[in-house]
Amino acid sequence: SEFASDLGFDSFTGVDLGTLGSVAGSVESFRGVDETKVAWVSAVELSGGVLGSRFELQAWNGPEVEVPNLVARATVRADGIDLFLDLRPRLDAGYEDDPTAEITTREGFARAANRARYDEAFFTPEARAWSKGVLGTPGAVPYPPPTDMVQGRATDRAGSVAGPLLVAAR
């Protein structure tokens with residue numbers, strides 16, 4: 001199903017974003033063939049205004065919680081390129097918690113178990129080294145991760161919605 005085109009958002013021009021200026025763009029969206037694995041994917045392209053040119057791809061899993069969601073975004077502006085790559089854990093793995101702190105609660109043990117499974121499958125030392133290498137590129141200036149309430153977490157506690165491989169830099 002082409003959700004964006006069904007709603008008339010597949011392409012647009014001259015959309016006024018106030019202080020950001022006027023932009024044009026397109027949105028493509030797809031449902032996964034097997035929604036138990038990939039619920040939907042969207043691709044957004046924007047150009048114009050102070051945003052410069054921007055491309056974003058997001059893939060969100062279905063009810064499968066063992067595989068992180070994907071967010072990838074590149075923005076090209078006159079003063080530089082912003083790069084944002086993230087594999088967002090579906091389960092609360094407490095990546096924003098102090099890893100040296102003693103675990104004293106049931107929730108803390110659950111987060112530690114989730115973190116161990118994600119680390120073994122996705123956030124390996126090699127993957128973390130790659131992420132640090134990208135962030136260490138000469139001239140790259142990292143910016144802070146997004147924070148918000150994380151829907152679907154058992155506790156819905158505020159915290160980082162980013163995974164440990166987050167690349168967010170200009």
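From the N terminus on, the elements of the protein chain run α-β-β-β-β-β-β-α-α-β-β-β. That makes 3 helices and 9 strands. Both are DSSP runs numbered from the N terminus: helices are H or I with at least four residues, strands are E with at least two. The model is predicted, so local features need pLDDT of at least 70 and side-chain atom pairs count only at pLDDT 80 or more, while totals for chains, interfaces and linings use all residues. Residues are numbered from 1 along each chain as its sequence is written, and side-chain values use heavy atoms, with hydrogens and water left out.

Of the 170 residues of the protein chain, 32% count as buried. Buried means under 20% relative accessible area, exposed means over 50%, and partly exposed lies in between (1.4 Å probe, protein chains only). The chain exposes about 10100 Å², and carbon and sulfur atoms supply 60% of it. These areas come from the Shrake-Rupley method with a 1.4 Å probe; for residues, only the protein chains shown count as cover.

Now the interior. In soluble globular proteins, nonpolar side chains tend to be buried together. Here the largest nonpolar core has 6 residues: Ala93, Tyr95, Tyr118, Phe123, Ala127 and Leu165. Such a core is a set of buried Ala, Val, Leu, Ile, Met, Phe, Trp, Tyr and Cys residues joined through side-chain atoms within 4.5 Å. Apart from this core lies another, of 5 residues, among them Phe84, Ala162, Leu166 and Ala168. Leu166 sits in the loop between β8 (158–160) and β9 (167–169). Its relative accessibility is 13%, so Leu166 counts as buried.

Rings of Phe, Tyr and Trp (its six-membered ring) pair if their centres lie within 6.5 Å; planes under 30 degrees apart count as stacked, over 60 as edge-to-face and the rest as tilted. Tyr95 lies in the loop between β6 (80–88) and α2 (106–121), and Phe123 in the loop between α2 and α3 (125–135), so the pair ties together parts that are 28 residues apart in sequence. Phe122 and Phe123 form a tilted pair, 6.3 Å centre to centre with 55° between the planes. Phe123 is buried, with a relative accessible area of 1%. Phe122 is partly exposed at 27%. Ring pairs link Tyr95, Tyr118, Phe122 and Phe123 into a cluster.

Charged pairs come next. The count is 9 salt bridges. Each is a side-chain nitrogen of Lys or Arg within 4 Å of a carboxyl oxygen of Asp or Glu. Glu56 bridges to Arg73, the closest N and O atoms being 3.3 Å apart. Glu56 is in strand β4 (residues 52–60) and Arg73 in strand β5 (residues 69–77), 17 residues apart. Both residues are buried.

Arg170 and Asp79 also meet in a salt bridge (3.0 Å, N to O). Arg170 lies in the segment after β9 and Asp79 in the loop between β5 and β6, so the pair ties together parts that are 91 residues apart in sequence. Arg170 is partly exposed at 33%, and Asp79 is exposed at 57%. Salt bridges that share partners join Arg77, Asp79, Asp82 and Arg170 into one network.
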